[in-house]
Amino acid sequence: LVQNVTPGSNADESGVQVGDVIERIAGGAAQSPADVASAIQTAQKAKKAAVSVLVSRNGVTSYLGLQLA
C-alpha cells in the first residue's frame, strides 16, 4: 500500500497515488516494500529507463510505467 508520494518525484510523475496497492513490479510479485525497492534497484543497475507497475486503485487494476531516470 502506497502511503506517501513525494510531489514532483518519478512516482508522482508516473501516476502513482497514495492508497495504490502495488501488486507487481518489473514482472515480479510485490509482496512487500522491500520487493518494490529491490525491483527498482535491479532495474536501475540494468540502466532501464522505466519499469511496469501493476497497481490496484479503488477496485480497478491497471499498469503504470514508472520512470526511473
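Reader: What percentage of the residues of the protein chain count as buried?

Author: In this predicted model, 28% of the 69 residues of the protein chain count as buried. The cut-off behind that word is a relative accessible area under 20%, and serine 56, at 17% relative accessibility, therefore counts as buried.

Reader: Where does serine 56 lie, and with which residues is serine 56 in contact once its neighbours within four places in sequence are left aside?

Author: Serine 56 has its place in strand E3, and, with those sequence neighbours set aside, the contacts of serine 56 are Gly19, Asp20, Val21, Glu23 and Thr61.

Reader: How many helices and strands are there in the protein chain, and what pattern do they follow along the sequence?

Author: The protein chain holds two helices and four strands, and a reading along the sequence gives the pattern α-β-β-α-β-β.

Reader: What order do the strands have in the sheet, and which strands stand at the edges?

Author: The order is E2-E1-E3-E4 in an open sheet of four strands, with antiparallel pairing. Strand E2 (28-29) and strand E4 (60-67) stand at the edges; each has a single partner strand, so one side of each is left without a neighbour in the sheet.

Reader: How many bridges join E1 to E3, and how many join E3 to E4?

Author: Strand E1, residues 21-25, is joined to strand E3, residues 50-57, by four bridges, while eight bridges join E3 to E4; the strands run antiparallel in the pairing of E1 with E3 and likewise in that of E3 with E4.

Reader: Which residue takes a positive phi in the hairpin of E3 and E4?

Author: That residue is asparagine 58, with a phi near 55 degrees, in a hairpin that has two residues between the strands.

Reader: What radius of gyration does the protein chain have, and what would a compact globule with 69 residues have?

Author: A compact globule with 69 residues would have a radius of gyration near 11 Å, and the protein chain, at 11 Å, agrees with this. Along the principal axes, the C-alpha trace spans about 35 × 25 × 20 Å. Of the contacts between residues at least 6 apart in sequence, 43% join residues at least 24 apart.

Reader: What share of the accessible surface belongs to carbon and sulfur atoms, and how far apart are the mean positions of the charges?

Author: Carbon and sulfur atoms account for 51% of an accessible surface of about 4400 Å², and the mean positions of the 5 positive and 5 negative charges are 12 Å apart.

Technical notes
Residues are numbered from 1 along each chain as its sequence is written. This is a predicted model: local features need pLDDT of at least 70, side-chain atom pairs count only at pLDDT 80 or more; totals for chains, interfaces and linings use all residues. Side-chain values use heavy atoms; hydrogens and water are left out. The radius of gyration is taken over C-alpha atoms; the globule rule is 2.2 Å times the number of residues to the power 0.38. Buried means under 20% relative accessible area, exposed over 50%, partly exposed in between (1.4 Å probe, protein chains only). Contact means heavy atoms within 4.5 Å. Accessible areas come from the Shrake-Rupley method with a 1.4 Å probe; for residues, only the protein chains shown count as cover. Lys and Arg count as positive and Asp and Glu as negative; His and the chain ends are not counted. The place of a charge is taken as NZ of Lys, CZ of Arg, CG of Asp or CD of Glu. Two strands pair if DSSP finds at least two bridges between them.
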